[in-house]
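User: I'm new to this one and would like to go through it with you step by step. Could you start with how the chains are joined?

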Amino acid sequence: MATRPIICPYVEDSGFRFNRGYLVLDTPTTNYPEKFIRFDDMFENITSYSKLKIRILPESCYLLSQTDIADNEGFVSFILAKTIFPEKTLETRKYLTWEYQGSVYNMGKLMVLSGINITDFSSESAGWNISQPGPVYEDGGIIFCNPHTDITITLEILIAR
Amino acid sequence: MSNANDEILNIDGGSSSNDGSEILGGNSEFPLSSQNQGGTGGFLTNYTNVAKVKNDLKRINATFTRFNDSPKVKFIKEYYSVVKKDETMDKVSLAEFFHPIQSFSEYQKQTIVMDPLSTINLDPSSFFSTEGEVSLLVVKAEYLPDAEDNEKMVFWDYANTPRKIMGSIMILSGAIKNGSVWHGWNIDPFNTYDHTDQPDINNGGISFTNPTAKSVKLTVLTTN
């Protein structure tokens, strides 16, 4: 039985990646990539969490709402979303959109949002509201949309309060 | 040969089969401690047998140093993990995350210390090839050790959208693309390439506001 051919030299692009607790700039010329931002000294105290894996079909949307994880006001303190695109997808097509409180934003491969629910100086609540939108909680939830006509996107989401 | 675990130990500091005994307290003439002032009363001890042999002892999953630890979301190696004491309850791997540097790519890392009750505009750098847009924006906030939980926050404004909040970390991303049709984040609030006009949040740009009475350090990485 034939074995898989090994292609030499092993060629890999430079780019940012996570390595041993840091965001580093990895280049094929060094074993010790330059460290840019330390991540392993950060943590968020939580009381509850939820992890989801979602498949968004072409030209479809998904409403992220986790009212039961959120606090009484509908807020959470940590949202992580990671996208998984089909293997052969070009870098220029690795994006989707997310809508929060009426505004639409872009997202590539990763999004991390944090922030506790507080009452700011104008006495309005601030935080990440992912409650089910409706008469009780207005402006809640995040809508992820796949704008592509031929790509199915998988989303891995971690939510914590 | 007998098993050591079956040995009758009566683990209670005494024997529950007998009545308790009185331990006398000290007084000013017979102190318990070397200090000869003050007196205490006697007290009666009652033993409760918690285990007769070693195997009866209930094993609990705790150590004294981490007994009161609350669950956390923590970054460990290449994973965002949900941990409770020493147990990893769930995790999301970022090991395969890779943001390639292209021929047109530039990046900039800035460190900013924000005064209390102040606002700063993120420096838009010179991402000319992508007309001011970036495809990766990582912001880390470090707060003073004496900051209370409700002081560990920063507000951020993007273009002309509602104000949003940030705790210790924020990562925003978009597609990696050259040219003018973009799917990233426009961090340039200027109309002119040489940035001689006044910044206008309606054009784009990100500003950070520290609403607390304590300084905050921000580390920001932007790349297109």
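User: Which strand of chain A pairs with β6(B), and in what sense?

Analyst: This is a predicted model, and in it strand β1 of chain A, residues 15–19, pairs with β6(B) in the antiparallel sense over 2 bridges. Within that pairing A:Phe16 has B:His99 of β6(B) as its bridge partner.

User: What sheet do those strands belong to, and in what order do the strands run?

Analyst: They belong to an open sheet of 4 strands with antiparallel pairing, and the order is β3(A)-β2(A)-β1(A)-β6(B). The edges are held by β3 (34–38) of chain A and β6 of chain B, each of which has a single partner strand, so one side of each is left without a neighbour in the sheet.

User: And how many bridges link β2 of chain A to β3(A)?

Analyst: Strand β2 of chain A, residues 22–26, is paired with β3(A) in the antiparallel sense over 4 bridges. One of the positions there places A:Tyr22 opposite A:Arg38 in β3(A).

User: Where does β4(A) go, then?

Analyst: β4(A) is part of an open sheet of 4 strands, ordered β4(A)-β3(B)-β4(B)-β5(B), with antiparallel pairing. β4 (43–45) of chain A and β5 (87–93) of chain B stand at the edges with a single partner strand each, so one side of each is left without a neighbour in the sheet. From one strand to the next, the twist averages 25°.

User: What does the pairing of β4(A) with chain B look like in detail?

Analyst: β4(A) pairs with strand β3 of chain B, residues 72–76, in the antiparallel sense over 3 bridges. In this pair A:Glu44 stands opposite B:Val73 in β3(B).

User: How many residues does each chain put into the contact?

Analyst: Chain A gives 51 residues and chain B gives 50 residues. On the side of chain B that touches chain A, the elements giving two or more residues include β3, β4 (79–84), β5, β6 (99–100) and β10 (136–143), and also β12 (164–166), β13 (169–173) and β16 (216–223), of chain B. The residues on that side of chain B divide into 28 nonpolar, 13 polar and 9 charged.

User: Switching to chain A by itself, how many helices and strands are there?

Analyst: Chain A has 0 helices and 16 strands. Of its 161 residues, 36% are buried, and among the contacts in chain A with a separation of 6 or more, 62% are between residues 24 or more positions apart.

User: What is phi at A:Glu59, and where is the residue placed?

Analyst: A:Glu59 has a phi near 55°, which is a positive value in a residue other than glycine. A:Glu59 lies in the loop between β5 (49–56) and β6 (61–64) of chain A.

User: Why does A:Glu59 count as exposed?

Analyst: A:Glu59 counts as exposed because it has 12 C-beta neighbours inside 10 Å, and the cut-off for exposed is 12 or fewer.

User: What about A:Gln101?

Analyst: Phi of A:Gln101 is near 50°, again a positive value in a residue other than glycine, and A:Gln101 is in the loop between β9 (96–100) and β10 (103–107) of chain A. With 16 C-beta neighbours inside 10 Å, A:Gln101 counts as partly exposed.

User: Back to chain B: what pairs with β11(B)?

Analyst: Strand β11 of chain B, residues 154–158, pairs with β12(B) in the antiparallel sense over 3 bridges, and B:Phe155 stands opposite B:Ile165 in β12(B). The hairpin of β11(B) and β12(B) has 5 residues between the strands, and B:Ala159 takes a positive phi near 45° there. β11(B) also pairs with strand β15 of chain B, residues 206–210, in the antiparallel sense over 4 bridges, where B:Tyr158 has B:Ile206 as its bridge partner.

User: Last one, which residues does B:Tyr107 touch?

Analyst: Leaving aside residues up to four places away in sequence, B:Tyr107 touches B:Leu221, B:Thr222 and B:Thr223. B:Tyr107 is in strand β7 of chain B, residues 107–114, and is partly exposed, with 17 other C-beta atoms within 10 Å. B:Tyr107 and B:Ser118 are 11 residues apart in sequence, and 26 Å separates them in space, C-alpha to C-alpha.

Conventions
Residues numbered from 1 in each chain as written. Chains lettered and ligands numbered in written order. Predicted model: local features only at pLDDT ≥ 70, side-chain atom pairs only at ≥ 80, totals over all residues. Buried ≥ 20, exposed ≤ 12 C-beta atoms within 10 Å, placed from the backbone. Contact = placed C-beta atoms within 7 Å. Pairing = 2+ DSSP bridges. Axes fitted to C-alpha atoms, helices over the stretch in contact; angles between N-to-C directions. Nonpolar A, V, L, I, M, F, W, Y, C, P; charged D, E, K, R; others polar.
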